[in-house]
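Hello,

I am passing on the structure we talked about, and I hope you enjoy looking through it. Please open it first, then read on for my notes.

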Amino acid sequence: MTSNVSGTSPLDRDRLSRTLAEFAPRTVEPDGRRAASVVLAVMRDAAGGYVLPLTMRPGSMRAHAGQFALPGGSVDPGETAADAARRELAEELGVAVTPSEVLGRLDDYVTRSGFVITPFVVWTDQRIEDAEPNPAEVHTVFAVTPDELDVDPRFARIEQSPRPVIQWPFRGHLVHAPTGAVIHQFREVALHGRHTRVDEYEQPVFAWR
C-alpha cells in the first residue's frame, strides 16, 4: 500500500482531509448543462485495507450500459451537489455517509453528453463487503486498492478531437473519462499531493452521447 515515511496511508482519514484541504478545486458553471455528482468513497475491506468502490453498470441500462462508473447521478432540484453525492452512494451501494464524512471535492468535469460532474471524496468506516448494491443500477462492485489506483494512465489520439483521450488501466480494461479522468486526479491529489488538472482530457467518441 502506498504510504509516507511514517507508515501512514495517504487514505487515512486525517491525512486525506489535510490533503484535500490544500487542493483548490476548479468549478464550472452549468451554463445550460445538467449538474451531476460522483463519489470517491474511501472504505475498508475485510483485511483492514483501504479500498475505493468502482461499479460496472448493468447491460440493460438506457445510458452507458455495461460501463465502469463511480457511484453518482444527477443533482435533483433543491439539492446540493454534496447531498446528491451522498444520496446516490446510498441508493446505489446502500452506503450512508453524513455531511461530516464528505472530506472534500475535486475539479468539475464537463462531459460531451451535457453534464457538469462534481466529484466528492467521502470516508466511511463501513466495510465494502457490507455494501448492498442496487441491481437496477449496479451489476458488479470492484474494491479498488491503492496499488491499483496508483498506475500511470494511457493516452490515445482520435480524429474527432485535438485533446488526448485518457485511459486508466484497471484489471485488464481501460477505463475512459469521465470516470478514468476523475480517478486519475484522485490518484494524483490523494496519493501524491500533486494538483494535476484533468479538464483537458477527452472522452472516447462512444461516450459523447
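Below is what I found, going from the whole chain to single residues.

Please keep in mind that this is a predicted model.

Let me start with the overall picture. The chain is built from four helices and 11 strands. Its radius of gyration is 16 Å, close to the 17 Å that the globule rule gives for 209 residues, so the chain is as compact as a globular protein of that length. The C-alpha trace spans about 45 × 35 × 35 Å along its principal axes. Among the 209 residues, 48% count as buried. If you look at contacts with a separation of 6 or more, 66% of them come from residues 24 or more positions apart.

Next, helix α1, which covers residues 13-21. Which of its residues are buried? They are Leu16, Thr19 and Leu20. These residues cover an arc of only 95° around the axis, which puts them on the same side of α1. Asp14, Arg18 and Ala21, on the other side of the helix, are exposed. The cover over the buried residues of α1 includes β1 (34-44), β5 (102-105), β7 (115-127) and α4 (179-192).

Leu93 is also worth a look. This residue belongs to helix α2 (residues 81-93) and is buried, with a relative accessible area of 0%. Leaving aside neighbours within four places in sequence, Leu93 has contacts with Pro53, Thr55, Pro71, Ala131, Glu132, Pro133, Val138 and Val141. From Leu93 to Asp83 there are 10 residues in sequence and 15 Å in space, C-alpha to C-alpha.

Finally, some backbone details. Most residues other than glycine have a negative phi, and most peptide bonds are trans. Where does the chain have a cis peptide bond? One joins Ala177 and Pro178, with omega about 10°, and Pro178 sits in the loop between β11 (173-176) and α4.

Asp31 is in the loop between α1 and β1 and is exposed, with a relative accessible area of 67%. Arg171 is in the loop between β10 (161-170) and β11 and is partly exposed, at 46%.

Best wishes

Definitions and conventions:
Residues are numbered from 1 along each chain as its sequence is written. This is a predicted model: local features need pLDDT of at least 70, side-chain atom pairs count only at pLDDT 80 or more; totals for chains, interfaces and linings use all residues. Side-chain values use heavy atoms; hydrogens and water are left out. Helices (H or I, at least four residues) and strands (E, at least two) are DSSP runs, numbered from the N terminus. The radius of gyration is taken over C-alpha atoms; the globule rule is 2.2 Å times the number of residues to the power 0.38. Buried means under 20% relative accessible area, exposed over 50%, partly exposed in between (1.4 Å probe, protein chains only). Contact means heavy atoms within 4.5 Å. The arc is that of the directions from the helix axis to the C-beta atoms.
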